[in-house]
Amino acid sequence: MDASLEKMVDPTLAEMGKNLNEAMKMLEDNQRKVEEENEKKYARKDIPGPLQGSGQDMVSILQLVQNLMHGEEEEETSQSYRYSVLTCRLQNVGEQGHMALLGHSLAAYISVLDRERLRKLTTRILSDTTLWLCRLFRYENGSAYYHEDDREGLLKICRLVIHTRYEDYTIEGFNVLYSKQPVIYISAAARTGLGQALCNQLGLPLSCMCRVPCNTMFGSQHQMDVALLDRVIKDDVESGKLPLLLVANAGTPGAGHTDKLGRLKELCEQYNMWLHVEGVNLATLALGYVSSSVLAATKCDSMTLTLGSWLGLPAVPAVTLYRHEDPSLSLAAGLTSSQPVEKLRALPLWLSLQYLGHDGIVERIKHASQLSQRLLENLKNLDFIKTSVEDELSSPVVVFKFFQEYSNRDQTSRAAQASTIQHPIISNERHVYDTFNQWLGEQLAQLVPASGVDVVELEDEGTCVRFSPLMTSAVLGTEIQDIDQLVDCLKMKIPVLTSTLQLREEFEQEVRRTVGLLYIEDLGWPGLGVVRYNYHSDEKNDDKQEKELEKINAELLKKLNELESDLTFSLGPEFGGQKNCVYIGMVTEDLDVSELVETIAATGREIEENSRLLENMTEVVRKGIQEAQLQLQKANEERLLEEGLLRQIPVVGSVLNWFSPFQASPKGRTFNLTAGSLESTESTYVSKAQGTGTTPPPTPTSSLAKQRLPGQKAFKRSLRSSDGFSETSSISHCDDLEKMDQRPPALSPGQEQGPLETEKTEEQKEVAQAQTNSEDTHSDKPPPNCTRGEEQASAR
């Protein structure tokens, strides 16, 4: 094009066209660069940081996962405990766990096969796994549904029963439920929130859920009351409702008790209801010997198995076994699926069950049962421990709590109180025991993390410690020695609990009798008690008084923690605690409560007196500064009058001072902190030394110097022992300590005499004072190392 332009047009015009083309090209290139930069900026702004660029390497991604697993931002104590538990879990994953994890990877790989081969493979895996589980857990002719959420199986069963009992439900939907409202019955001991979750997922009102109470008079208090359930079902049928489904427990979530499944099955057949069973005790169906109460679960319509926790298999699905003859209704309820990928959920279980075999599965479940039996036998020999088990011979779940009888109390007075204020007393005592058992469970879990104990809230027993090895032992690798260690730790904690519980009342009485201390009743604190030092002030400003109270109690806590004692002093729990208080933790039986309370009161008074002394000194210094400013101003005015006006003129004053110097004595002021007054400095200029003034008063200290034996810590009672000293020698030793307390302490040079020293007569004081004054007049300056006491001694 450029060559044609040169031939056709003038060379000048051709050159102009060429320059124009280059200029346009440059503008287009710049515009293109601007657009690309804008696109990059727009993309970087919206894309999250980890996804920007060309991706991250595998090492960085795995490091991020490791940091998230261990939780770097947690507290050190909590992090160490969680890390120990996590280490136990990771170390006991084992090869069977690796097989389960391999199943997830294989499922992702198998899902890319061609459709026909995938269908054949998934059908084989699903049928094999279902057959094995039905044979292992004695559930003949059953089907299986594999699901991630353990509640999802029960949800699908509810939909299956709705489709079965309401024939037109598929066509008319919820309109058919309006004529006859369905009712689902759940035990009061079931999992928290299970009924509400079912109603939310099924779209049913909460009135469709009936909570059946447990036994109150006969039988276990964690079993469903069958007679009461029968009456409730009759009432619902008479009111036009349709009893749909009953959820029973073979091992309640809290205490591990099993409902009377045989009678419940008869009741369900009478009213044409579906019986679903779930619970940890279903694992014992794989053993050779099964209790009759659990064996009745094999006759139910459906059951949910959580094999992951029972066998220590990570990330394997839960299984719901059920019996139903209509495959179309099962498909409509979502229990079966035509998608081959959905059937791959059984692949991890298919691999793990083959790896473990029948002997491996039975051995894991039997080992968990032996652990619970070992703990139960040891707990029977411990005092102040109350167990709550269904069967003492074989109970997969052991629940126990600390409980102390009030044998030292007057039974007559308690009976009188029970007739008047029974509810507050019982409520407070139960609250205290709940707090102590909460502390006990947390301590045992931290000391023996491999045991897997946790804290559970039961409706009747309150707070208890639960040991459920079927849910934890396979994952944590719990062994017999862990149970023995758990019992040893429990034996060490029981004396601490009993001593603290017995001394709580004595501590409360001592604090209430002590002036300046306020007892704070906090039933949720696991320890000796809570105390607050009351700050008495005439200030009307509440905010200032609150700040001063907080300051004194914070300093009191600091002082108490500096003492050499076995007690723990803290500010209390992070949430829900009282402000400006000192929380005292667990104690032992040799605690001297009176000394502890006296120390707290004396230390608080010392801090308060020091605080007031500082406030008074601050006020005195402020007034002294104002007075010094006034006196200095007055002295300047007097100096002007003495020197005259001419001496103040710069040039004239210099000449006049040269001819006639003006001699003026230096005048200054010194502030005496002890007396709180201004004094002249003339004596300082005369004697060439600064006087010491009045001896300041001693700093107020508490009289806490209690005589203790060598190595004995604070707040400990001296226990008498027959092997070291006799009773007579112990008493004489105590008398010697009392005499030493009454003997006046030796005075150091220059220290003022205390009130126990023999007072001098008035004549001796006058003579000593005269001699001291005479010495001061003869000497211009006292020796630098001579104290006031030595001067008086030399004068005498």
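Predicted model: local features only at pLDDT ≥ 70, side-chain atom pairs only at ≥ 80, totals over all residues.
1. Overall make-up. The chain has 796 residues, of which buried residues make up 38%. Its secondary structure comes to 27 helices and 17 strands. Among contacts between residues at least 6 apart in sequence, 68% join residues at least 24 apart.

2. Packing of α17 and α19. Two packed helices are described by the angle between their axes and the distance between the axes. For helix α17 (residues 347-379) and helix α19 (residues 469-476), the axes come within 9 Å and cross at roughly 115°. The two helices, α17 and α19, are therefore roughly perpendicular to each other. Their crossing is right-handed.

3. Residues of that contact. On the side of α17, I365, A368, L371 and S372 take part, and on the side of α19, P469, L470 and S473.

4. Surroundings of α19. Seven of the eight residues of α19 are buried, so this helix is largely enclosed by the rest of the structure. The buried residues are P469, L470, T472, S473, A474, V475 and L476. Of these, P469, L470 and S473 also belong to the contact with α17. Just after α19, G477 takes a positive phi of about 70°.

5. Aromatic pairs: F137 and W310. The count of aromatic pairs comes to six. One of them joins F137 and W310, with 6.1 Å centre to centre and 55° between the planes, and is tilted. This pair links distant parts of the chain, its two members being 173 residues apart. F137 lies in the loop between α6 (115-136) and β1 (143-147), whereas W310 lies in helix α14 (residues 307-311). Both F137 and W310 are buried.

6. Aromatic pairs: Y169 and F174. The ring centres of Y169 and F174 are 5.8 Å apart and their planes stand at 85°, so the pair is edge-to-face. The two residues may be set side by side for burial. Y169 has 17% relative accessibility and counts as buried, while F174, at 46% relative accessibility, counts as partly exposed.

7. Aromatic cluster. Ring pairs also link F402, F403 and Y433 into a cluster.

8. Residue S499. This serine is placed in helix α20 (residues 480-513). S499 is buried, with a relative accessible area of 8%. Which residues does S499 contact, leaving aside its neighbours within four places in sequence? They are V587, T588 and E589.

9. Residue L591. This leucine is found in the loop between β15 (582-584) and α22 (593-643). With 2% relative accessibility, L591 counts as buried. Leaving aside its neighbours within four places in sequence, L591 is in contact with L503, L528, L567, L596, F715 and R717.

Notes: Residues numbered from 1 in each chain as written. Heavy atoms only, no water. Axes fitted to C-alpha atoms, helices over the stretch in contact; angles between N-to-C directions. Helix = DSSP H or I, 4+ residues; strand = E, 2+ residues; numbered from the N terminus. Parallel < 35°, antiparallel > 145°, perpendicular 65-115°, else oblique. Left-handed = near helix turned anticlockwise from the far one by under 90°. Contact = heavy atoms within 4.5 Å. Buried < 20%, exposed > 50% of the residue type's maximum accessible area, 1.4 Å probe, protein only. Phe/Tyr/Trp six-rings, centres within 6.5 Å; stacked < 30°, edge-to-face > 60°.
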